[in-house]
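Subject: Structure handover

Hello,

Here is the structure I promised to pass on. Please open it first, then read my notes below.

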Amino acid sequence: MYRTVVNRILLTKNTGGGRRCLLRFPDLRTAVTSSRFSTTTEPQTSPNRPLNPADSSTSSSSTSFQTSSGAGDIPRQERKNPPAEYQGEQARVLQASLRHVLRLGWSEEAMIAGAKEVGISPSIVGSFPRKEAALVEFFMDDCLQRLIDRIDSGEELQDLIPSQRIYKLVRFRLEMQAPYISKWPQALSIQAHPLNVSTSFKQRAMLVDEIWHAAGDEASGLDWYVKRTVLGGVYSTTEIYMLTDSSPEFRDTWLFLDNRVKDAFDLKKTIQEATYLAEAVGAGMGSSLQGFVGKVIQR
Amino acid sequence: MVGKVFSNVASNYDLMNDFMSGGLHRLWKDRLVSKLSPFPGMKHLDVAGGTGDVAFRILESVNSIKRRALQDPLNDDLQEETRIYVCDINPNMLDVGKNRALEKGLGEDKSLVWVQGDAEALSFEDNSMDGYTIAFGIRNVTHIEKVLSEAYRVLKWGGRFLCLELSHVDIPVFKELYDFYSFSVIPRLGEIVAGDRESYQYLVESIRRFPPQEKFASMIADAGFQKVEYENLVGGVVAIHSGLKI
């Protein structure tokens, strides 16, 4: 469901070679939180940059104006200028900042160092709406894009049974985080912050959706949700296990992942297992997933 | 008229600000500085910032212990290179600011530089500033477009423009209350506290003459800035416009 929505609204074909290009998400997020006043512009295309959708396609979100008599309330409006190149520059800064994350953590300092590296004034860091969260979200999007590229190009996935495909894909995705593992707990805590939790939840939902889709899923109805919840649980528990794993090349983590995937596929314990996993994952994953699963079970 | 107004109001400026906004102007300036996200080694220009409110906040933010604790160890001496230029057309306002700096113990701090100058014709070089702020000053200039293009000129690539200004309120009942407050209460307050009714009458009228939020945002965009946004505080009584030179 999510995937088709994304496909319809945001997905565009990259002209160079049939690669699917997942659009950067700033548009989705800002469409949810702000209303847009578009000047008539042709979206600029270039093979290396994300395509901006015509503003009218995302203006279906409504803005609610909330005012209170304090000084801190914030109805926000945003204007996009033709051409909106700032997103390209922002992406460059974030890309460079990733190289400083190991030393400085997922923080403003890393972003300032990244901006200096690219030759842009570090003032640009102030223009990111939630600073460190922007960096983490950029990384998550980047990893998702790499995963999609791998799925598109990997033929060997066809020969495997679904559980093995899922194992390979989750492992591939988690390996992308391996270089940052010393600072990953910080990234998780940033994602769990109330302001950021909705975006990180969406990103994880897309990730899980993508993996199931690649594994050849044709579920519908409640089963679709159950499958994604289960995979979300498997992914999150493995991610957290990886944080404290000190075995060479994370061997123990992959063993753990393998066991979890096998468990998930055991047909006798479907929904029961999902409950256990989701509860175990609750602390690491954040309250949003826990609340969602709780509602499903209570019904 | 503007020169005379501010020579008159300089000495009582801070006091009148407190009275008129009920102390809220401090929170508005805090919000402005937090949006700016200052960093050590920054070159910042605060225009029409005579009494130094915004400049002091920026300096405090850069020097704060919390920031120093988290700092990149390779850049320890950057703290020394921070420069905040406070530019104002009126020397009286600058004097008040310098005195306040002395009181705060910042008299010897070479990070603060007080410059007399015109916002429409800045004496700074192109691409020299990381940040530019103008708090409650832009409604008093003669040519807003010139100020905006000067701001664009002096900012570096990636630099941000931030403007805190009294703006238009559209909310039905609140608008009437605000109008009553502006036209009846404020000039009277000016008369009692500062002994100068006309200046404050002028101030209130200048707020009404200033373009509304959307129009001002489009003017900022016309000057070349991207990612132009604005944030209303207190329902539109005050708005913070921001733009990125990129």
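How many disulfides are there over all chains? The count comes to zero. A disulfide here is a pair of cysteine sulfur atoms within 2.5 Å.

Some ground rules. This is a predicted model, in which local features need pLDDT of at least 70 and side-chain atom pairs count only at pLDDT 80 or more, while totals for chains, interfaces and linings use all residues. Residues are numbered from 1 along each chain as its sequence is written, chains are lettered from A and ligands numbered from 1 in the order in which they are written, and side-chain values use heavy atoms, with hydrogens and water left out.

**Cysteines**

Take B:C163. Its sulfur is 15 Å from the closest cysteine sulfur, which belongs to B:C87, and that is too far for a bond. B:C163 is also buried, with a relative accessible area of 0%. Buried means under 20% relative accessible area, exposed means over 50%, and partly exposed is in between (1.4 Å probe, protein chains only). A:C143 is buried too, again at 0%.

Two packed helices are described by the angle between their axes and the distance between the axes. Axes are lines fitted to C-alpha atoms, for helices over the stretch in contact, and angles run from 0 to 180 degrees between N-to-C directions. Helices (H or I, at least four residues) and strands (E, at least two) are DSSP runs, numbered from the N terminus.

Start with α7 (residues 132-153) and α8 (residues 162-177) of chain A. They pack at about 140°, with axes 10 Å apart. α7(A) and α8(A) are therefore oblique to each other. The cut-offs: under 35 degrees is roughly parallel, over 145 roughly antiparallel, 65 to 115 roughly perpendicular, and the rest oblique. The crossing of α7(A) and α8(A) is right-handed.

Which residues meet? On the α7(A) side they include A:C143, and on the α8(A) side A:F172. Contact means heavy atoms within 4.5 Å. The residues of this contact divide into eight nonpolar, one polar and four charged. Ala, Val, Leu, Ile, Met, Phe, Trp, Tyr, Cys and Pro count as nonpolar, Asp, Glu, Lys and Arg as charged, and the others, Gly among them, as polar.

α8(A) also packs with α11 (residues 222-243) of chain A, at about 40° and with axes 11 Å apart. α8(A) and α11(A) are therefore oblique to each other. Their crossing is right-handed. Among the residues in contact are A:L174 of α8(A) and A:Y235 of α11(A). The contact divides into six nonpolar, two polar and two charged residues.

**Chain B**

Chain B has eleven helices and seven strands. Of its 246 residues, 57% count as buried. Of its contacts with a separation of 6 or more, 76% are between residues 24 or more positions apart.

Now look at B:T51. It sits in the loop between β1 (43-47) and α4 (53-63) of chain B. Beyond its neighbours within four places in sequence, B:T51 contacts residues including B:Y13, B:F56 and B:R100.

Is α4(B) enclosed or open, and why? Eight of its eleven residues are buried, so α4(B) is largely enclosed by the rest of the structure. B:F56 is one of those buried residues.

Last, B:V185. It lies in α9 (residues 172-194) of chain B. B:V185 is partly exposed, at 28%.

Best wishes

How values were computed: A crossing is left-handed if the near helix is turned anticlockwise from the far one by less than a right angle, and right-handed if clockwise.
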